[in-house]
Amino acid sequence: MTEQAKGAALATRDMANAIRALAMDAVEAAKSGHPGMPMGMADVATVLFGEVMRYDASAPRWPGRDRFVLSAGHGSMLLYALLHLTGYPGMTIDELKNFRQLGSKTAGHPEYGHAEGIETTTGPLGQGLANAVGMAIAERIWNARHGELFDNRTYVIAGDGCLMEGISQEAITLAGHLGLGRLIVLFDDNGISIDGPTSLSTSEDQIGRFKAAGWNTLAIDGHDMDAVRKALATAKADDSKPWLIACKTVIGYGAPKKAGTAATHGSPLGAEEIAGTRTKLGWTSAPFEIPADVFKAWRAAGARGHAAREAWEARWNKLDGRVREAFENPTAARSADVNAPIPPSARRACGPRDRLKRWSRRSRHSSAGRRISPARTTPRPRRRSRSSKVILPAAIFTTASASTAWRRL
Ligand SMILES: Cc1ncc(C[n+]2csc(CCOP(=O)(O)OP(=O)(O)O)c2C)c(N)n1
């Protein structure tokens, strides 16, 4: 490694340590929260937000941005630290100091609408993963309907708990079945959960499970930033299937006594352990203080997508006004959307035609296109329509509010 490369690696390591410090200090100040997961996934998140993901922190609602879903919502300080460091509007250092306080943007678990950059509410384990599958479906539909301007990726951080929940199975199966290749799940494979080692409750082979569902898989050391870079590059280069990247990490990375144990999962580390972590990481700054060079590097990362956004917006402004309106005003567009036929191109984008046909159900209405009443609970007499219209199954909306979650932001 050249001296310059060594310097760059150290700088990137400090960017990750900034996340670790903010997480442990905010949880300590609140006297509650989950420092372990943000400290364990800080390296992965640094590569993702620092180098890979397409976004512009100054324009959180840019429709062309990649989506990030923190499915392991208990690790909310990971997201809040990232939003602060990269420069999302409103996520000030005071919000971090007020972590978990009434009225702050920094609730215990990320709440949609509380702060820019929170793409969806998470906390109930597995739910974020399911929402992300919906977002990835929505992206494919918009891509098929309106072209390559809609080509974002959806990144997810999910933990053991997310993968243990039943909802994850339905979501994983659907994503594999549809070949949602622009969905990339980073699994925090730390072997620890709320009560101790995951071996207390599961011995599932997650790689085997995802493979069986039709996903591409990789297993890496989540503290090796080069490995993270390479894995993400590999995943971006092949979007034939969704990706699971299992990142082997140490929960509470850096904590001298508690790292690797469930003690870091959901409790403050305590003053002594925090002091020890600072020493171990070589982090000399006071709580909530970030060295100027590290802060500058993070802000540069947050502005990385600025030019791409401007270029994207120039193309967006040339789109048919009705397309933009449908994107910006999804409530009005939604009822029309639900009953709209899926164009053949969307069928292709969502997978082989026969799959989608089997998976969808046919409208029970005539080709006159009357709406299905959402309030109707008594079954209608079964009557097969001759219409070739195919409507989106309710599963998409319940699983992930596919169109609204993605477009309303
Ligand atoms: C559906 C659901 N059940 C229970 C919980 C409570 N809970 C929060 S975190 C957690 C354990 C998560 O374990 P893991 O994903 O391994 O997180 P880590 O210990 O690695 O931070 C549990 C059971 C929850 N948030 N959602």
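Reply: Buried residues make up 45% of the 409 residues in the chain; the model is a predicted one. The chain holds 18 helices and nine strands. Of the contacts between residues at least 6 apart in sequence, 76% join residues at least 24 apart.

The sheet you ask about is open and has five strands, in the order S1-S2-S3-S7-S6, with parallel pairing. Strands S1 and S6 (216–221) stand at the edges, and each has a single partner strand, so one side of each is left without a neighbour in the sheet. From one strand to the next the twist averages 20 degrees.

Strand S1 covers residues 67–70, and both of its faces are covered. In a regular strand the side chains alternate between the two faces of the sheet. In S1, Arg67 and Val69 are on one side, Phe68 and Leu70 are on the other, and all four are buried. The partner of S1 is strand S2 (residues 154–159); the two run parallel and are joined by four bridges. Within this pair, Arg67 stands opposite Thr154 of S2.

Why does Leu186 count as buried? The cut-off is 20 or more other C-beta atoms within 10 Å, and Leu186 has 29 of them, so it is buried. Leaving aside neighbours within four places in sequence, Leu186 is in contact with Tyr155, Val156 and Ile157, with Ile245 and Cys247, and with Val44. Val44 is 142 residues away from Leu186 along the chain, yet the C-alpha atoms of the two are separated by 8.4 Å.

The ligand comes next. There are 21 residues around the ligand, and Met37, Gly159, Asp160, Gly161 and Ser193 come nearest. The elements that give two or more residues to this shell are helix H2 (36–52), helix H6 (160–164) and strand S4 (192–193). The largest share, three residues, comes from H6. By class, the shell divides into eight nonpolar, 10 polar and three charged residues.

One is helix H10 (residues 271–281): the axes of H1 and H10 come within 11 Å and cross at roughly 175 degrees. That angle makes H1 roughly antiparallel to H10. From H1, the contact uses Asn17, Arg20, Met24 and Glu28; from H10, it uses Ile274, Thr277 and Leu281. These residues divide into three nonpolar, two polar and two charged.

The other is H11 (292–302). H1 and H11 pack at an angle of about 90 degrees, with their axes 9 Å apart, and that makes H1 roughly perpendicular to H11. Ala11, Asp14, Met15 and Ala18 of H1 meet Val294, Ala297 and Trp298 of H11. By class, this contact has six nonpolar residues, no polar ones and one charged.

Between H10 and H11 runs a loop that contains Phe288. Phi of Phe288 is near 65 degrees, a positive value in a residue other than glycine. Phe288 is partly exposed, with 15 other C-beta atoms within 10 Å.

Arg100 also has a phi near 65 degrees, again a positive value in a residue other than glycine. Arg100 lies in the loop between helix H4 (93–97) and helix H5 (127–146). With 18 other C-beta atoms within 10 Å, Arg100 is partly exposed.

Note on methods: Residues are numbered from 1 along each chain as its sequence is written. This is a predicted model: local features need pLDDT of at least 70, side-chain atom pairs count only at pLDDT 80 or more; totals for chains, interfaces and linings use all residues. Axes are lines fitted to C-alpha atoms, for helices over the stretch in contact, and angles run from 0 to 180 degrees between N-to-C directions. Angles under 35 degrees count as roughly parallel, over 145 as roughly antiparallel, 65 to 115 as roughly perpendicular and the rest as oblique. Two residues are in contact if their C-beta atoms, placed from the backbone, lie within 7 Å. Ala, Val, Leu, Ile, Met, Phe, Trp, Tyr, Cys and Pro count as nonpolar, Asp, Glu, Lys and Arg as charged, and the others, Gly among them, as polar. A residue is buried if 20 or more other C-beta atoms lie within 10 Å of its own, exposed if 12 or fewer, and partly exposed in between; C-beta atoms are placed from the backbone. Two strands pair if DSSP finds at least two bridges between them. A residue is near a molecule or strand if its C-beta atom, placed from the backbone, lies within 6 Å of it.
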